[in-house]
Amino acid sequence: MANFKKAVFDDLTNNVVMLLERWKGRMGIVPNNTAKEITKFWILNFGATQKDLNVYTGMDTTKLSNIESKVQK
């Protein structure tokens, strides 16, 4: 089993502050609240690191359509 490093905080406040700082800068790049833009944001920002735009543009259109339909729900 792999050994993954995890952030450990002494209290909830420190954890929330870290999460806010991580996402605050990224949220400004969502130009509007369409399903397409939210899907793009989620694909590029899901996980520990931000992905390159080619990850989104190179995705299978059927997969993109399925994700967008779930975002619209």
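## Overall composition

Of the 73 residues in the chain, 15% are buried (under 20% relative accessible area with a 1.4 Å probe, protein chains only; exposed is over 50%, and partly exposed lies in between). The model is predicted, and local features need pLDDT of at least 70, side-chain atom pairs count only at pLDDT 80 or more, and totals for chains, interfaces and linings use all residues. Residues are numbered from 1 along each chain as its sequence is written, and side-chain values use heavy atoms, with hydrogens and water left out.

Contacts (heavy atoms within 4.5 Å) between residues at least 6 apart in sequence include 30% that join residues at least 24 apart.

## Surface

Leu12, Val16 and Leu20 make a nonpolar surface patch of about 300 Å². Such a patch consists of residues with over 30% relative accessible area and no salt bridge, with nonpolar side chains (Val, Leu, Ile, Met, Phe, Trp, Tyr) joined within 5 Å; a salt bridge is a side-chain nitrogen of Lys or Arg within 4 Å of a carboxyl oxygen of Asp or Glu. Leu20 belongs to helix α1 (residues 12–27) and counts as exposed because its relative accessibility is 55%.

## Nonpolar core

Ile43, Leu44, Tyr56, Leu64 and Ile67 form the largest nonpolar core, which has 5 residues. At least two residues of this core come from each of α2 (35–45) and α4 (61–72). A core of this kind is a set of buried Ala, Val, Leu, Ile, Met, Phe, Trp, Tyr and Cys residues joined through side-chain atoms within 4.5 Å.

Beyond its neighbours within four places in sequence, Leu44 is in contact with Thr49, Gln50, Lys51, Asp52, Leu53, Val55 and Tyr56.

## Helix α2 and its end

The buried residues of α2 are Ala35, Thr39, Phe41, Ile43, Leu44 and Asn45. They pack against α1, α3 (53–57) and α4.

Asn45, in helix α2, counts as buried because its relative accessibility is 2%. The Asn45 side chain reaches the backbone oxygen of Phe41 at 2.9 Å. Just after α2, Gly47 adopts a positive phi of about 105°.

Technical notes:
Patches are made of residues with over 30% relative accessible area and no salt bridge: like charges are joined within 9 Å, nonpolar side chains (Val, Leu, Ile, Met, Phe, Trp, Tyr) within 5 Å. Accessible areas come from the Shrake-Rupley method with a 1.4 Å probe; for residues, only the protein chains shown count as cover. Helices (H or I, at least four residues) and strands (E, at least two) are DSSP runs, numbered from the N terminus. A polar contact is a pair of N or O atoms within 3.5 Å; within protein, one must be able to donate a hydrogen and the other to accept it, and residues adjacent in sequence count only if both atoms are side-chain atoms.
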